[in-house]
Amino acid sequence: MPQEQPSLTTPIVFILFNRPQKTAETFAQIAKVKPTSLYLVADGPRPNHATDEVNCAAARAVVEQIDWECTVQRNYAEQNMGCKRRVASGLDWVFAQVEEAIILEDDILMDSSFFAFAQEMLATYRHDTRIRHIAGYKSISTLPPSPYSYFFSRWTPIWGWATWRRAWQSYDVAMSLWSPQVRNMLHMQGIVPPAKVREFEMTHQGKIDTWDYQWQFSQLIESGLSIIPEKNLIRNIGFGADATHTFDPNSSHAHVTTQALSFPLIHPPYIMANPAYDQALYARSHVSPPARIRGKVGGLVHKMTKRAF
């Protein structure tokens, strides 16, 4: 018989902003698993955005509806910090207090098995410093089926994920180690396609207001690995005009489905990056619109397509 999934004792980090309806959808799924520890990180209203103050307050009101035994801590910005500073500083705050956590943003829906999967992976690889990131989103769906419940990758999908303080300690929002030498090494190794190399460069220069390229960069320069579930556990409902990065509602990433993982998990007997998965990500990014037509539409196409990894 399938193993009963354990209760959720891992801290949950929930990052929200100004979308109360989507916040409510995601928080309803968090409420189903009744986490015992919840860390809430919220950005503040933007100046000259008339609806932000009301919408930010409404989103925060959603997460006050806790009717189970739970320790709640809040880190709310009074003024807008932007994606880069708000998420980075919020996770700094979290990992100053806890050793590991599951991180969700306000537009992520997950299969219920995601929580048990993330919690078990955190425990299994807690002291294995090769592993830095646990993903819920499997962004390539065309791989041959595997007999194992998960595999490894160099990439860090951030739509529903988990990590440890030990990994976050090497996170540097300024990407201080970025240099022409590192840029060339990433390109020459065939790990990072030219389009992504340019986006790392732009992030380092402060031209992209994000936090997640820095997280990916910290993994690449330490030759770290992510855990990717064999079945996709995450659906992003944030595509649309009100999104920060995922504007295109017709994106293939906006229409993915989720499946449940079976328990007990079947662990792979080796720890190696899956070359088929990583090569598929390389190929998709290599021909992505940002590499071809950013000059025509500026940052819009970048915002539409980023975060898929």
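## A buried phenylalanine

Phe-115 sits in helix 4 (residues 113–124). Helices here are DSSP runs of H or I with at least four residues, strands are E runs of at least two, and both are numbered from the N terminus. This is a predicted model: local features need pLDDT of at least 70, side-chain atom pairs count only at pLDDT 80 or more, and totals for chains, interfaces and linings use all residues. Residues are numbered from 1 along each chain as its sequence is written, and side-chain values use heavy atoms, with hydrogens and water left out.

Is Phe-115 buried or exposed? Phe-115 has a relative accessible area of 3%, so it is buried. Buried means under 20% relative accessible area, exposed means over 50%, and partly exposed lies in between (1.4 Å probe, protein chains only). Phe-115 touches Leu-8, Ile-12, Gln-29, Ile-30, Val-33, Ile-102, Leu-104 and Met-110, leaving aside residues up to four places away in sequence. Contact means heavy atoms within 4.5 Å. Ala-162 is 47 residues from Phe-115 in sequence, and the two are 9.6 Å apart in space, C-alpha to C-alpha.

## The sheet

Two strands pair if DSSP finds at least two bridges between them.

Strand 1 (residues 12–16) and strand 2 (residues 37–42) run parallel, joined by five bridges. Val-13 has Tyr-39 of strand 2 as its bridge partner.

## Inside strand 2

How many residues of strand 2 are buried? Six of the six are, so strand 2 is largely enclosed by the rest of the structure. Ser-37, Tyr-39 and Val-41 point one way from the strand. Leu-38, Leu-40 and Ala-42 point the other way. Leu-16 stands opposite Ala-42.

## Two helix pairs

Helix 1 (residues 20–33) and helix 2 (residues 52–62) cross at roughly 15°, and their axes come within 8 Å. That makes helix 1 roughly parallel to helix 2. Angles under 35 degrees count as roughly parallel, over 145 as roughly antiparallel, 65 to 115 as roughly perpendicular, and the rest as oblique. The crossing of helix 1 and helix 2 is right-handed. A crossing is right-handed if the near helix is turned clockwise from the far one by less than a right angle, and left-handed if anticlockwise. Pro-20, Thr-23, Ala-24 and Phe-27 of helix 1 meet Asn-55, Ala-58, Ala-59 and Val-62 of helix 2. By class, this contact has six nonpolar, two polar and no charged residues. Ala, Val, Leu, Ile, Met, Phe, Trp, Tyr, Cys and Pro count as nonpolar, Asp, Glu, Lys and Arg as charged, and the others, Gly among them, as polar.

Helix 7 (residues 194–204) packs against helix 8 (residues 212–220) at about 115°, with axes 10 Å apart. That makes the two helices roughly perpendicular. Their crossing is left-handed. Helix 7 brings Lys-196, Glu-199, Phe-200 and Thr-203 to the contact, and helix 8 brings Tyr-213, Gln-214, Gln-216, Phe-217 and Leu-220. Four of these residues are nonpolar, three are polar and two are charged.

## Backbone details in loops

Met-175 has a positive phi, near 50°, and is not a glycine. Met-175 lies in the loop between helix 5 (165–168) and helix 6 (180–188). With a relative accessible area of 1%, Met-175 is buried. Ser-223 also has a positive phi, about 55°, without being a glycine. The loop between helix 8 and strand 9 holds Ser-223. Ser-223 counts as exposed, at 64% relative accessibility.

The peptide bond from Phe-263 to Pro-264 is cis, with omega near 0°. Pro-264 lies in the loop between strand 10 (234–236) and helix 9 (275–286).

How values were computed. Axes fitted to C-alpha atoms, helices over the stretch in contact; angles between N-to-C directions.
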